[in-house]
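Hello,

Here is the structure you were waiting for. My notes follow below it.

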Amino acid sequence: MSEKTIDSTLSEQRVFQPPASFSVKARIGSLAEYQKLRAAAAADPAGFWAALARSEIDWHKDFSVALDAGKAPHYAWFTDGVLNVSYNCLDRHLARRADKTAIIFEGENGDTRRLSYADVHRQVCLFANALKAKGIGKGDRVVIYMPMVPEAVVAMQACARIGAIHSVVFGGFSAESLKDRIEDAGATAVITADGGTRGGKVVELKAACDRALAKGCKTVETVIVLKRAGNAVAMQAGRDHWWADTVRGQAEHCDPVWVESEHPLYLLYTSGSTGKPKGIQHASGGYLLGALVTMKWVFDIQDADIFWCTADVGWVTGHSYVAYGPLAAGATLLMYEGAPTVPDAGRFWDICARHKVTIFYTAPTAIRALMKLGEEFPNKYDLSALRLLGTVGEPINPEAWMWYHRVIGKERCPIVDTWWQTETGMIMLAPVPGAVPTKPGSCTLPLPGIDADVVDEQGTSVTDPNQGGQLVIKQPWPSMLRTIWGNEQRYRDTYWAKFSGRYYVAGDTARRDADGYFWIMGRADDVIKVSGHRLGTMEIESALVAHPRVAEAAVVSRPDDIKGEAVFAFVVTKGERPRNDSARALTDELRAWVSQQIGPIAKPDDIRYAENLPKTRSGKIMRRLLRAIARGEPITQDISTLENEDIVKQLQGER
Ligand code: PRX
């Protein structure tokens with residue numbers, strides 16, 4: 001994040017009290033109530049979570065151990081408890097809510113569907129039986145590569161029902177990325193669709209899946225294909241099956257497979273500073289509890305709410321606040337497959353108005369993009385059903401926050417800026433909307449049971465207001481990641497090594513103001529956030545150097561008005577340095593290449609060519625220098641050690 005953004009949030013003084021009309025009806029309606037919960041959690045963290053686990057979750061067998069820290073930093077929660085996550089999301093609502101709408105779906109071209117809890121339950125049972133018929137069972141890994149349609153949630157829930165471990169891969173990732181994830185997980189089945197729709201175009205998922213499987217993925221025996229976009233696909237006999245065929249003739253009842261609380265519910269791959277994406281492993285009981293209590297604390301979910309989280313199921317937000325949290329809470333959720341600008345920039349607001357959405361949760365990038373397109377779009381629609389707004393994924397600048405507050409929330413809806421990560425499983429820092437006053441740009445305070453702090457390089461709490469430091473979590477929490485799939489050492493090194501196992505290290509820098517409010521400053525590592533999507537600079541560098549014309553590459557970020565951050569690549573080619581037309585042609589080629597290697601979200605926005613990259617005497621790339629160049633900032637680093645100072649001019653694009 002740029003210095004400028006840090007400065008602008010530093011000078012932010014506005015405070016918004018929870019509207020009284022909201023607080024009176026809220027689950028947690030006062031600061032005192034929130035503080036009481038936090039104090040109770042701080043006094044006995046394990047006891048606090050155990051009591052919640054008993055009141056919120058239906059256990060098949062109760063647990064006697066709340067927290068097992070014996071194998072720290074592998075913490076285990078409710079260890080001898082036995083449950084099923086899908087049972088908790090579906091079956092237990094059938095007595096009272098069988099006919100309540102669970103999912104409202106809308107496609108980009110306007111097709112809509114409403115599925116009741118009974119419908120979703122039935123579909124999940126049918127599909128779970130179909131999976132079983134293909135020999136898939138407890139502990140097997142199933143990769144889900146699907147568009148944002150209800151069947152994606154059905155597939156996830158069906159895996160949970162039979163104890164299979166799903167790993168959803170975002171539909172925007174390339175065949176190459178899909179292959180890496182299938183292989184790392186050792187998946188035996190892939191669930192996909194012919195294609196999805198976005199911006200009027202068909203994203204050919206099955207074709208990408210075929211390319212991935214053609215390159216390896218030897219463990220995959222079964223591919224199940226949902227017909228969605230209607231595009232032509234090739235089906236390999238024996239391996240590929242249409243979804244409709246697999247469920248035909250299956251029983252509408254499927255007993256849940258009861259699993260131990262620590263049984264892995266899913267893997268979700270995410271980028272880090274080094275190496276390939278890592279499979280973040282979440283456990284069943286603790287994760288479910290985290291997703292469910294935050295639906296109540298942060299979203300104040302009530303029976304009559306229509307809850308819309310715009311995240312794709314390919315990201316953790318689409319796990320906790322589409323596929324699991326809302327269903328566990330017995331809520332009505334909305335899913336939309338398509339772009340926010342089709343047919344025009346009013347689409348989100350049109351959907352909110354038509355379906356009477358009450359809680360809307362999206363990313364700052366979407367808010368900034370829609371803000372830029374003008375107020376006239378939201379102003380055309382009746383947004384009076386909205387009562388709460390949320391944001392996630394990247395810092396929100398005060399200007400976008402204020403627009404959201406004024407134009408969408410009509411100064412009536414609290415905004416919950418929620419900080420969390422793939423690894424944390426649940427929202428960690430966020431205002432409890434009926435209780436905690438908000439400040440534009442701050443994710444405010446930790447939720448009950450979350451012991452967050454900002455520490456210096458020695459691990460000591462930073463006590464001076466507004467002094468930056470490392471964001472850490474000092475106590476385990478139930479929905480925390482359990483490990484990195486197949487890479488125990490990387491789990492320890494990435495999250496625990498920095499402070500000798502004492503704290504979970506989030507990888508973000510943050511500061512706290514005089515009121516103790518948290519302000520996220522950005523990543524402390526080489527992860528960048530483009531439109532809220534998490535990308536490792538090293539991954540993009542590896543993709544670039546895999547191109548035959550690239551000798552060396554370094555990737556940094558620069559601020560972007562809409563996307564938050566943009567990808568900036570410095571490239572050294574084999575042979576002569578390209579200029580003018582040849583540089584432009586190569587840039588187009590490299591952008592397309594990265595798209596193919598990782599996915600369109602990782603495409604560099606800028607590429608500069610130089611004869612060399614600036615390195616220190618020990619051979620390390622001077623990233624700080626590259627960042628300054630990418631941002632067009634004056635160079636303050638000592639560059640006297642560079643062999644060729646002309647390189648800097650080349651990197652600056654001057655020669
Ligand atoms: O840098 C923080 C940023 O997103 C990172 C986590 O990314 P991911 O695992 O993809 O999960 C995103 C959705 C939960 C964090 O380390 N981040 C997330 N939420 C916020 C945020 N930065 C500032 N403010 C937020 N509300």
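**Asn84 and its surroundings**

The Asn84 side chain comes within 2.8 Å of the backbone nitrogen of Ser86. That is a polar contact (a pair of N or O atoms within 3.5 Å; within protein, one must be able to donate a hydrogen and the other to accept it, and residues adjacent in sequence count only if both atoms are side-chain atoms).

Before the rest, some ground rules. This is a predicted model, where local features need pLDDT of at least 70 and side-chain atom pairs count only at pLDDT 80 or more, while totals for chains, interfaces and linings use all residues. Residues are numbered from 1 along each chain as its sequence is written, and side-chain values use heavy atoms, with hydrogens and water left out.

Asn84 sits in the loop between β3 (82-83) and α5 (85-89). Helices (H or I, at least four residues) and strands (E, at least two) are DSSP runs, numbered from the N terminus. Asn84 counts as buried because its relative accessibility is 0%. Buried means under 20% relative accessible area, exposed over 50%, and partly exposed in between (1.4 Å probe, protein chains only). Leaving aside neighbours within four places in sequence, Asn84 is in contact with Ala160, Arg161, Pro256, Val257 and Trp258. Contact means heavy atoms within 4.5 Å.

Lys61 is in the loop between α4 (45-56) and β1 (67-71). Its relative accessible area is 43%, so Lys61 is partly exposed. The Lys61 side chain reaches the backbone oxygen of Asp80 at 2.9 Å. Beyond four places in sequence, Lys61 is in contact with Asp80, Gly81 and Val82.

Glu260 belongs to strand β13 (residues 259-260). Glu260 counts as partly exposed because its relative accessibility is 36%. Glu260 and Lys61 are 199 residues apart along the chain, yet their C-alpha atoms are separated by 9.1 Å. Not counting residues up to four places away in sequence, Glu260 touches Thr79, Gly81, Val82, Leu83, Lys138 and Ser284.

**The ligand**

The ligand is surrounded by 17 residues. The closest are Asp417, Thr418, Thr422, Arg523 and Arg534. The shell holds six nonpolar, five polar and six charged residues. Here Ala, Val, Leu, Ile, Met, Phe, Trp, Tyr, Cys and Pro count as nonpolar, Asp, Glu, Lys and Arg as charged, and the others, Gly among them, as polar.

Which atoms come up against the ligand? A backbone N or O atom of Thr418 lies 2.7 Å from a ligand nitrogen. Taken alone, the ligand exposes 540 Å², and the protein buries 95% of that. These areas come from the Shrake-Rupley method with a 1.4 Å probe; for residues, only the protein chains shown count as cover. Elements giving two or more residues to the shell are α13 (316-328), β20 (415-418) and β25 (518-523).

**The cores**

A nonpolar core is a set of buried Ala, Val, Leu, Ile, Met, Phe, Trp, Tyr and Cys residues joined through side-chain atoms within 4.5 Å. The largest has 168 residues. Trp49, Phe127, Trp243, Phe299, Tyr321 and Tyr324 have the most contacts inside it. A second, separate core of 31 residues includes Phe16, Phe377, Met402 and Ile408.

Best wishes

How values were computed: Near = heavy atom within 4 Å.
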